[in-house]
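Welcome! Please take a moment to look over the model below, and then we will walk through it together.

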Protein chains: 2
Amino acid sequence: MKITCTKSDLLNGVNIVLKAVPSRTTMTILECILIDACSDNIKLISNDMELGIETMLFGEVSRNGMIAVNAKIFSEIVRKLPDSMVTIETDDNYQTTIRCENVVFTIAGKRGEDFSFLPDIDRTKSLTLSQFSLKEVIRQTIFSISDNDNNKIMTGELFEIDENILKVISLDGHRISIRKIELDTSYEKTKVIVPGKSLMEVSKILSGEAKDEVNIFMTKNHILFEFDSTKVVTRLIEGEYFKIDQMLSGDYETKLKVNKKELYECLERGALLIREGDKKPVIINIRDNTMEININSVAGTMHEEAEISKQGKDIMIGFNPKFLMDALRVIDDEEVSLYMVNPKAPCYIKNEEESYIYLILPVNFIA
Amino acid sequence: MKITCTKSDLLNGVNIVLKAVPSRTTMTILECILIDACSDNIKLISNDMELGIETMLFGEVSRNGMIAVNAKIFSEIVRKLPDSMVTIETDDNYQTTIRCENVVFTIAGKRGEDFSFLPDIDRTKSLTLSQFSLKEVIRQTIFSISDNDNNKIMTGELFEIDENILKVISLDGHRISIRKIELDTSYEKTKVIVPGKSLMEVSKILSGEAKDEVNIFMTKNHILFEFDSTKVVTRLIEGEYFKIDQMLSGDYETKLKVNKKELYECLERGALLIREGDKKPVIINIRDNTMEININSVAGTMHEEAEISKQGKDIMIGFNPKFLMDALRVIDDEEVSLYMVNPKAPCYIKNEEESYIYLILPVNFIA
């Protein structure tokens, strides 16, 4: 194989595929990036057996071929090359020579044919949205997946398509995050559970521009994100997702409107006094149009008051401040509405249109 | 005690004294910041028994007194307070109440009298230079102290004053760094060994502005840095510093002039192929006006050529690239001169005036 491309294109491609190189694996071939060159088509490919990434590299192919090179060393070398044309050439013993100006590196490569290629994805079930929307919806829901593998389904997010609505849902046993996106056209009804870790990597590669699109293809076992010159394929999580609709309720006894930033900063201050392992809740005491926030931990006490507008009953309710903060952080509205029933029932943060719903379970406390 | 000040002044002061709060200690009082208020004079003090910092806080004292508060919690609370006036008040049980707008924190303090105050420093032997010069000279030498406590003296830097010259020296057994600063006036001959760790903390607090001054006072056992409204005192390291002059030599067989940035980037590329624990040197081969740099490690090989201007003999010599890079990183000249004798003798990087001298020992290699 012999190819030539610019250092910046190469680095850009390498940085994309690095996202699917496992940091620890027993299969050394997976620690590699595959460079696959045929005609004027150069692909960089990585695959950790759950997530796979393929990106096209603009360049010239002087000799077809493929080579797998250690991702860590190769990416470090590319990063430090002068900003100029790079030639990569391999010999029959998989020795890979990287030339750039007056710099010559030689590293040992591996047989490309031993690499695990990405699965072919059937392109019948598809969906198109902007990179901006996809990146945002991941950010707005990913924090409430579970990182505990005991319940595999909780480590993923539900992507549910119904007509022209994409609903993305995550939950971890303490809270549920739901975001709805309106799509340009209607699509066939579909539900898939996408691994959260893969979504985080996808989100890092997405440009986040509203004008750039991403095409999503779904099969029984895989989901493919296709955007710019990159394809990201990930296995789906098998199983039936939780019946969310049964957990949601529109009833409430108390409805508050509060300034999001003020509430966030107040919770942040309260959280200071909670040490890891210490399960102290912040206690929110709503009386008339005042919200008192109290915390009382081994480290000290905090008391703070804020004005709010309230409908319905007074209430005293306890929360893990982190859960409220996680939801508030990803809401862009200046004012948020909180809906509560009683100190044992879930609290909802949602807007009128319900384009977002954050359900958070309260924590028991001794007043 | 009762004091009032702005949040930003308080945060600024706390951030300064935090530098001398030990992260781990068996004396819990040392994990505290002392707030010492009398008349219109508020001091924040921290002390890890080697390094002590005292900074004046602008504010109003309503009731004299002092209190020691846990530095970690207190600093986190201050950081998260609204940007407004802060009142700190203590009661007879050392409960400390921090009020800011509608926020009230209460944390347990400790008796201020139990705190280890800073030693009184005699102010006869002094020295004045700009904060810029001191911050720079620390940065330009601190990397070659030893972090190994086996030889305590190597963990410090020699500050040597002779007439109007301040010489700062550090060494770690593989290399020596020497920087000279011309002072405005002449001072009494003095030599002190200052702990490197303390210098790093001092350097973080210094503004680095050429127009701001720092006064330095030295006694037999301590050095005091006084600048802005802050005093930093540190114990000196006892003992006799190494006789540097005997190690330096002006003779050379080969003198090179090279572009600093090019040489640095080339060494950086070579260093990529050296894994931790692998002691492979970069081999520099000077022939006529060409410098070849080669590295050959288990990870691969690198070869690079650069044009140089040379006086004297050809030479092939090996180095730990890190040591050369550390020195090059802190030299501001575009071109640097390297002086070499033979592959077993030290290499010098220095300028004509010898305002800097970096001595680096070569590494044996098999050509």
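## Charges

Lys and Arg count as positive and Asp and Glu as negative, while His and the chain ends are not counted. Each charge is placed at NZ of Lys, CZ of Arg, CG of Asp or CD of Glu. In chain A, the 45 positive and 59 negative charges have mean positions 4 Å apart.

## About the model

This is a predicted model, in which local features need pLDDT of at least 70 and side-chain atom pairs count only at pLDDT 80 or more, while totals for chains, interfaces and linings use all residues. Residues are numbered from 1 along each chain as its sequence is written, chains are lettered from A in the order in which they are written, and side-chain values use heavy atoms, without hydrogens and water.

## Chain A

You can find six helices and 25 strands in chain A (DSSP runs: H or I of at least four residues for helices, E of at least two for strands). Its C-alpha atoms fill a box of roughly 80 × 50 × 35 Å along the principal axes.

## Where the chains meet

Chain B brings 27 residues to the contact and chain A brings 26 residues (contact means heavy atoms within 4.5 Å). K80(B), R269(B) and L272(B) supply 25% of the area that chain B buries against chain A, more than any other three residues (buried area is the accessible area, with a 1.4 Å probe, that two parts lose on being put together, summed over both).

How many salt bridges does the rule find across the interface of chain B and chain A? There are four, a salt bridge being a side-chain nitrogen of Lys or Arg within 4 Å of a carboxyl oxygen of Asp or Glu. E76(B) and R275(A) also meet through their side chains in a salt bridge, at 3.3 Å from N to O.
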